[in-house]
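Hi,

Here is the structure I said I would pass on.

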Amino acid sequence: MKNGKAAGPDQIPIELLKALGNWGIDQLTKLLNRIYDTGNIPKDMLISTFITLQKKPGATECENHRTISLMSHTLKLLLKILLTRIRSKIKPEISETQLSEMILRDLDNFQGIGLGGYNINNIRYADDTVLMAQSEQSLQKMLDIVVKESEIKGLSLDIAKTESMTISKKPQAPSCKIRSNGTQVKQVNQFKYLGYMLTSDGKCETHIRKRIIT
C-alpha cells in the first residue's frame, strides 16, 4: 500500500503499520487470521467516513459529485487479501453477470492503444468509461455497440455527460463527429478523468499547472 493515504476513523496511518516491521507483520497476520477463521470483524474496523468530492468545479448537481470512503488500513489489507484469493474463482462469473463486462467485452477486437504488449481500447471506473480508438470510424462503431448493448440491458447513455476528444501533435486537433442515436457528441480539447486533466495535445502541462495552483 502506498504512503500518504488518508487514515480511516481509527487514525492509524499506513506509515505506522509499515514502521512496525516484522513484528507488526506477525501481529497483523495473527489478527487477520483470527478474523478470517471466526468471521468476526471488530466493530471499530467496520466504521467508514464518506466524503463527497466535486467532479467539476462549482458543481451543484448530485450526479456531478463522487463519493470516497475512508476506512481502516487494517481492513483494507484484509479486503485485498480476500480479493486476491477469490479473484480467480469469481472472474468467470463476473464476465457473465456484470453488465459493464458484458457490454464492453464485445470491443475486444477493436484496436486501441498499445501498452506493454496489450491492446487497451477502454478504461472503466464504476460508471465512468473511456473508449479509445485509432480512428473516428472505429470509435463510432465502438460507441454504437456500447449504446445498443446498454439499451438491451435496460441502460442508457447520458449524452449530456458524454464527450469526445482527439489527441494529436497537430496545432489544431482533428474533428471527431461521432453520434449517439443521431445526437452528435460534444468534442472538447480537455477533460478530467479520475482527477487527471487530459488534453488534446497529449501533454501534461495543464494538469501540472492545475495541481500547483490547487
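Predicted model: local features only at pLDDT ≥ 70, side-chain atom pairs only at ≥ 80, totals over all residues.

Asp108 is in contact with Asn119 and Asn121, leaving aside its neighbours within four places in sequence. Asp108 itself lies in the loop between α4 (99–104) and β3 (113–115). It counts as exposed because its relative accessible area is 54%, and the cut-off for exposed is over 50%.

Now to the helices, starting with α2. Helix α2 covers residues 21–38, which is 18 residues. From first C-alpha to last it reaches 26 Å, close to the 26 Å expected at 1.5 Å a residue. Which residues of α2 are buried? They are Gly24, Leu28, Leu32 and Ile35. These four cover an arc of only 55° around the axis, so they sit on the same side of α2. After the helix comes Gly39, with a positive phi near 80°.

While you are in that part of the chain, look at Tyr36. Arg85 lies over the face of the Tyr36 ring, at 5.2 Å from the ring centre. As for aromatic pairs, the count comes to zero.

Helix α5 is the other one I went through. Its 17 residues should span 24 Å at 1.5 Å a residue, and the end C-alpha atoms are 24 Å apart, so the two agree. The buried residues in α5 are Leu139, Gln140, Met142, Leu143, Val146, Val147, Glu149 and Ser150. Just after α5, Gly154 takes a positive phi of about 85°.

Beyond its neighbours within four places in sequence, Ser150 is in contact with Ile103 and Leu155.

Not counting residues up to four places away in sequence, Ser180 touches Leu143, Val147, Leu157, Ile159 and Val185; Leu143 and Val147 are among the buried residues of α5. Ser180 lies in strand β8, residues 179–180. Is Ser180 buried or exposed? Its relative accessibility is 8%, so it counts as buried. For a sense of distance, Ser180 and Met45 are 135 residues apart in sequence and 45 Å apart in space, C-alpha to C-alpha.

Asn181 is in the loop between β8 and β9 (183–184). With a relative accessibility of 61%, Asn181 counts as exposed. Its phi is near 55°, a positive value in a residue other than glycine.

Leu194 has a positive phi of about 55° too, although it is not a glycine. You will find Leu194 in the loop between β11 (190–193) and β12 (196–199), and it is partly exposed, at a relative accessible area of 45%.

Another loop residue to check is Ser168, between β7 (163–164) and β8. Ser168 counts as buried, at 17% relative accessibility. Its side chain reaches the backbone nitrogen of Lys170 at 3.1 Å. Ser168 also touches Pro174, Ser200 and Asp201, not counting residues up to four places away in sequence.

Thr129 is partly exposed, with a relative accessible area of 41%. What does Thr129 touch, not counting residues up to four places away in sequence? The answer is Leu104, Ile123, Arg124 and Tyr193. Thr129 and Thr60 are 69 residues apart along the chain, and their C-alpha atoms are separated by 22 Å.

Happy browsing!

Methods:
Residues numbered from 1 in each chain as written. Heavy atoms only, no water. Phe/Tyr/Trp six-rings, centres within 6.5 Å; stacked < 30°, edge-to-face > 60°. Lys NZ or Arg CZ within 6 Å of the ring centre and 35° of its normal. Helix = DSSP H or I, 4+ residues; strand = E, 2+ residues; numbered from the N terminus. Buried < 20%, exposed > 50% of the residue type's maximum accessible area, 1.4 Å probe, protein only. Contact = heavy atoms within 4.5 Å. Expected span 1.5 Å × (residues − 1). Arc of directions from axis to C-beta. Polar contact = N/O pair within 3.5 Å; in protein donor to acceptor, adjacent residues only side chain to side chain.
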